[in-house]
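Subject: Structure for you to look at

Dear colleague,

I am handing over the structure we spoke about, and my notes on it follow below. Please read them with the structure open beside you.

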Amino acid sequence: MTIQVLCQAREKLVHRTMECLKGAPKAIFHIYNSTSPAQRKYTFGKTKEEIKQLAVDGVKCIKSCLSAEDRKRIRLEYSPESFSMTEIDYAVEICEAVKAEWGCSPEDKIILNLPTTVECASPNVYADQIEYFSKHISNRDSVIISTHCHNDRGEGVASAELAMLAGADRTEGCIFGNGERTGNLDVVNVALNLFSQGIDPELDFRDIEGIAEQYRSFTGMEINPRAPYAGELVFTAFSGSHQDAIRKGMAARAKMPEDALWDVPYLLIDPHDIGRQYEGIIRINSQSGKGGAAFILEQEYGLSLPKAMHPALGDVVKLAADRAQRELKPDEIYGIFVRQWLEAKGNMEIVDLAETHLEGKKDASAEETVLCRAVVTWKGSQYAIGDKGNGPIDAFINALSKTPVPRFTVTAFHEHSVGTGNNTSAVAYVQITCEDGSQYWGVGKSTNTGRTGVDAVVSALNQM
């Protein structure tokens, strides 16, 4: 790491700044004076020659403060301030004068920093200026061409990137763009843009959230939620189509080797690479699609809803978000799911239920027979029922045929476990189709795997 100091080309300021560099093992002394026509005319009232002499005198002052040992540890950087609005040939001329006064070589290079002190044109124009300067400055192998981009037009990052493509060797910036006026280049943005293209910026942003927290603490300023890479919402999808693509991409990646090429839709880089987490990738509001809520239930609560059930979940969650007029948190989405399906109240309730598994022939091909005896209520009336079937669900449905419950068949059934060890539960998802073609989903959860499917059937009936 090299300490860099910035100082106007004024003798008093140069002496004071040199004092602060005592003890630094190496440093960059950055001196500048403004060179644009407006600055020459209004600020200084000086001619081109007088402005050039001001720059040369500043360099002479620095040299007068340096010992032979100091010269070995201090590199000079010079900026023709307002370079972006300075006649390009004059910018080359004044930098040649500074370079000649200081002296440089391929082993001891000078930094010539070319700032968009005022970003007054599109990034390609600045890149053209950098390219012209690079081709016309003498002893190019003894010069480090640097950029220092402001953000007046909101194009500072683009200007720096195009300038590097045009020949610049170096770029200056500020953490999260916290610089003068509209802000200097956001160095986090540029560095991670390079990283996303496979170029190591040699800056460590593996804990971007920690850096952001330090930034807030030191400056008292906030980071825009949509700021690239560091913003709270930069890896977050509210759009249904985006959520669906991300969910599928993440599911596919879970089956890939750890070093597989990152290619998840809508996510430029792996958030884990910069210390961001996956939990906030999909968040739910009234604009979210059917797959987003399902993704959250799976990631946060281990509930893997069948794809065909996603629209039913999405409708219920969207309605809740519309009513709340805000984003829904994961625990709120889970609460909606529980109330709608796991704790569904309605026309059907089981008062008592017993199952008997009947022993048949000792033949592996023989179907299991289960006898169901139950007491249920339907629309307030109680019924004692019983029947048999090839499993608990089949037996219960056959028994229900003796009640006024509309006739239906099970057209989809999915089951998985949640938890580990003694805390493992089974979750069942059942779709029923009535004789009139209407379909309903139900969900059951229990440590008793036989009871889970029956509860899912009751949950579906209570959606009617």
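Predicted model: local features only at pLDDT ≥ 70, side-chain atom pairs only at ≥ 80, totals over all residues.

As to the overall form, the protein chain has 15 helices and twelve strands. Its radius of gyration is 35 Å, whereas the globule rule gives 23 Å for 464 residues, so the chain is more spread out than a compact globule. The C-alpha trace spans about 105 × 45 × 35 Å along its principal axes.

Turning to the interior, buried residues account for 46% of the 464 residues in the protein chain. The largest nonpolar core contains 46 residues, and L313, F337 and Y429 are those with the most contacts inside it. Helix α11, which runs over residues 290–301, gives the most to this core, namely five residues. Once neighbours within four places in sequence are left aside, L313 is in contact with A293, A294, L297, L305, F337 and W341. Another core lies apart from that one and has 44 residues, including I31, A55, I94 and I130.

Two further values concern the chain as a whole. Of the contacts with a separation of 6 or more, 60% are between residues 24 or more positions apart.

With best wishes

Conventions:
Residues numbered from 1 in each chain as written. Heavy atoms only, no water. Core = buried A, V, L, I, M, F, W, Y, C linked by side-chain atoms within 4.5 Å. Buried < 20%, exposed > 50% of the residue type's maximum accessible area, 1.4 Å probe, protein only. Helix = DSSP H or I, 4+ residues; strand = E, 2+ residues; numbered from the N terminus. Contact = heavy atoms within 4.5 Å. Rg over C-alpha atoms; globule rule 2.2 N^0.38 Å.
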